Amino acid sequence: MARINFNEVDSYSNNTGNDWFKLQNNNDSALVQFLFKDLDDLDIFSVHEVEVKYKNGQSKTRFLDCKRNYDDPLDVCPLCERGSQRKPVIILSLYDHTDKKVKIWQRGKKFLETLKGYSTQYPDFTKVPFRIIRNGAKGDQNTTYTVIPATDVTPINVEDVERPNLLGSFILDKTVDEINTYIDTGAFPENGSEDNTEQQVTRRSRRG
Ligand SMILES: [Zn+2]
């Protein structure tokens, strides 16, 4: 069973208040229960990537929630209005049997396809333990994950387990005024809430 040390987890976890699910090495595995019933119950955000610089000199790409719904005109979101691309971000919430913690895990469409394959047999994922196995050495960009229902394990009741609130932590949640300030100055106004001790200073220009 993998040991997961969240003090070591990548920079994204800084100050977001959420634990990340992580399997470090090839063949590491963990037993989990998802906290979403089905694929319609997933946390999917439409975000812009913004470059945020912190007091310690590090800069990070963060996700910023787009202000637009599908049918809203472009000018509802200052970044869309300026031609900034947005992309969907899928975050899975899960309960890790290994250390009894709630964690989040960012996955792509491919992983969802795998889960979709189980949805007929298991209409409510929260009631089924799954074993997740890493296929890929540490650092391998082509790492994939195998997901297998763990029918030999008794599920725990996760009904009362709270799902992490991702908006305003992992996903920056800013007002239109704050986004305009970012566009003008390269930094969001400090409000002391979601960014804690971190401060955005400049925005780096990005291409691609
Ligand atoms: Zn937008």
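Entry 1, contacts. I count two residues as in contact if their C-beta atoms, placed from the backbone, lie within 7 Å. The model I am reading is predicted. With this criterion I looked up Leu94 and, leaving out residues up to four places away in sequence, found that it touches Phe21, Val32, Gln33, Phe34, Leu35, Lys103 and Trp105.

I noted an average pLDDT of 84 for the protein chain, with 83% of the residues scoring at least 70. Over residues 1-15 the pLDDT stays under 50, and the model has 21 contacts beyond four places in sequence for them. Residues 192-208 also have a pLDDT below 50, and I find 28 contacts beyond near neighbours in sequence for this stretch. Where pLDDT is low, the predicted coordinates should not be read in detail.

Entry 3, fold. I count 3 helices and 8 strands in the protein chain. Read from the N terminus, their order is β-β-β-α-β-β-α-β-β-β-α. Of the contacts between residues at least 6 apart in sequence, 63% join residues at least 24 apart. Buried residues account for 22% of the 208 residues.

In soluble globular proteins, nonpolar side chains tend to be buried together.

I find S4 and S5 paired in the antiparallel sense over 7 bridges. Tyr95 has Val102 in S5 as its bridge partner. The hairpin has 4 residues between the strands, and Lys100 takes a positive phi near 60° there.

Is Arg107 buried, exposed or partly exposed? I located Arg107 in strand S5. Burial requires 20 or more other C-beta atoms within 10 Å and exposure 12 or fewer; Arg107 has 16, and is therefore partly exposed. Beyond its neighbours within four places in sequence, Arg107 is in contact with Ile90, Leu92 and Leu112. For Arg107 and Ile90, 17 residues apart along the chain, I recorded a C-alpha separation of 5.8 Å.

Key
Residues numbered from 1 in each chain as written. Predicted model: local features only at pLDDT ≥ 70, side-chain atom pairs only at ≥ 80, totals over all residues. pLDDT = per-residue confidence, 0-100. Helix = DSSP H or I, 4+ residues; strand = E, 2+ residues; numbered from the N terminus. Pairing = 2+ DSSP bridges.
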